[in-house]
Amino acid sequence: MEFSTNLQDNIDYLHKKLNVQNNFDVVYRTLHIGGRTACLYFIDGFAKDETLLKILQVFSTIKEEDMPGDAHGFTKRYVPYGEVGLIKKDDDMIVQLLSGVSCLLIDGYDTCIAIDARTYPARGVSEPEKDKVMRGSRDGFVETLVFNTALIRRRIRDPRLTMEIMTAGESSHTDIAICYMQNRVDQPLLEMIKKRIQNLKVDALTMNQESLAECIYPHKWFNPFPKFKFSERPDTAAASVLEGNIIILVDNSPAAMILPSSVFDIIEEADDYYFPPITGTYLRLSRMFISLLSLMLTPIWLLLMQNPELIPSWLAFIRLSDPLNVPLIWQLLILEFAIDGLRLAAVNTPNMLTTPLSVIAGIVLGEYAVKSGWFNSETMLYMAFVTIANYSQASFELGYAMKFMRILILILTAIFNIWGFAVGVILSVCAIVFNKTIAGKSYIYPLVPFSLSELKKRFLRGRLPHTEK
């Protein structure tokens with residue numbers, strides 16, 4: 001429905017639509033501007049009081065004979081503010097109002113004047129807890145979309161950097177920003193993503209980016225390897241944009257969704273580029289090797305324990321030193337789930353108690369678990385290494401994908417011995433090889449299809465390219 005030139009009709013409709021009598025934070029103010037009655041709507045807590053005060057002071061000086069004939073002329077002459085828009089339909093006005101925009105209706109005008117004098121509660125752009133670096137910038141994304149786009153703009157001062165705004169969710173009307181470089185982005189992929197977001201039929205993006213990811217890429221849910229890379233670091237997002245990737249920012253989420261993302265993109269971290277090439281290469285190769293070791297260490301050890309004749313003499317020390325009371329497979333599986341239980345407990349533990357409870361869980365539970373006979377010391381050692389190794393890379397999704405594959409290999413090895421181990425490894429490799437990015441390309445490019453030059457870039461951190469003037 002479009003607005004009427006009769007202000008009272010507009011007020012009666014909006015009061016009923018917005019349920020003003022019951023919503024204490026929906027504030028309206030009736031005032032006189034140039035001899036006409038006007039009504040200002042805003043949300044308490046979103047409006048900048050100082051800005052609105054200065055604008056209202058200007059309105060109080062307008063004389064009746066100086067009032068323009070339409071809202072467009074009024075904004076040009078009497079709204080001394082940068083972010084001003086005109087809205088014809090009430091549904092658009094309500095969405096803007098509930099987003100924090102102040103809306104002004106003037107008798108005789110059939111258009112709403114939207115004044116974007118809003119402010120959101122926000123925390124500081126401090127370094128994210130997960131994506132920490134040993135050297136580099138210490139800022140991070142926050143839950144306010146405008147702040148996040150500004151952090152990327154600060155790093156890329158190029159007019160070809162484009163940030164398109166879209167909305168999704170019938171109830172939430174969540175703002176979604178799509179960031180890309182016009183001259184570097186994959187245009188077919190960009191159009192596909194925009195079309196999928198426009199066609200979303202969801203009530204609300206309750207889980208922010210995870211809800212959006214499941215909506216725009218709903219296929220192969222059974223494959224645990226992540227299809228997107230998430231980062232809370234603006235420098236990582238800016239670098240990805242310059243590489244031709246697409247960044248999706250969702251309001252109320254302190255992370256950027258980077259796509260398309262292969263397994264090599266997910267493994268990369270900012271520390272690789274904050275150190276010299278030789279150090280960055282070492283860090284990257286170490287991370288890859290440790291991730292592979294976290295996947296294969298316990299299954300290989302279980303296989304050797306089930307087949308002692310395969311253990312070479314120089315590895316004889318890996319044999320169990322204490323009697324075996326509980327089968328090894330059950331020890332390993334119990335520890336896999338117990339570690340997740342301790343991790344969840346740490347998340348929900350108050351900060352002042354995190355350190356002492358971690359010490360208790362690590363020392364007391366570990367020591368008594370071995371003494372009680374439930375676990376062997378060798379099992380505790382290898383699972384402790386696997387747990388720590390999972391934190392060598394920043395992606396939670398990749399860490400849990402490795403965990404699920406490791407459990408699968410352990411179970412198959414325990415049941416079918418050597419053949420089960422081989423089948424488990426083959427299934428894990430297939431889960432990676434036959435996975436696809438959202439662009440439909442290989443998940444392990446440049447291995448498939450093979451490209452030697454790109455492969456060197458993935459494994460070796462070379463010198464950054466430079467241009468001569």
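The second largest cavity of this predicted model is lined by S291, S294, A389, N390, Q393, L398, G399 and M402. The space inside the second largest cavity amounts to about 30 Å³. Two elements, α10 and α14, each contribute at least two residues to the lining of the second largest cavity, and α14 gives the most, with three residues. By class, this lining of the second largest cavity holds three nonpolar and five polar residues, and no charged ones.

In total, two cavities of 30 Å³ or more were counted. Two or more lining residues of the largest cavity come from each of α11 (328–347), α13 (377–389) and α14. The largest share of this lining of the largest cavity, five residues, is supplied by α14. Six nonpolar, five polar and five charged residues make up the lining of the largest cavity.

The largest pocket holds about 1400 Å³ of space. Its lining comprises 41 residues, and E243, N245, D265, E268 and R458 are the closest to the centre of the largest pocket. Elements that each provide at least two residues of the lining of the largest pocket are α8 (234–242), β10 (256–259) and α15 (452–459). With six residues, α8 accounts for the largest share of the lining of the largest pocket. Sorted by class, the lining of the largest pocket consists of 17 nonpolar, nine polar and 15 charged residues.

For the second largest pocket, the space comes to about 950 Å³. There are 39 residues lining the second largest pocket, with K130, D131, A394, S395 and F396 the closest to its centre. At least two residues of the lining of the second largest pocket are drawn from each of α7 (209–216), β8 (229–231), α10 (277–306) and α14 (396–433). Among the contributors to the lining of the second largest pocket, α10 gives the most, with four residues. The lining of the second largest pocket contains 14 nonpolar, 10 polar and 15 charged residues.

Key. Residues are numbered from 1 along each chain as its sequence is written. This is a predicted model: local features need pLDDT of at least 70, side-chain atom pairs count only at pLDDT 80 or more; totals for chains, interfaces and linings use all residues. Side-chain values use heavy atoms; hydrogens and water are left out. On a 1 Å grid over the protein atoms alone, a cavity is a set of points where a 1.4 Å probe fits but cannot get out, and a pocket is an open set with protein on both sides within 12 Å along at least five of seven lines; lining residues have an atom within 4 Å of a point. Grid points are joined across faces, edges and corners, and a volume is the space filled by probe spheres set on the points. Ala, Val, Leu, Ile, Met, Phe, Trp, Tyr, Cys and Pro count as nonpolar, Asp, Glu, Lys and Arg as charged, and the others, Gly among them, as polar.
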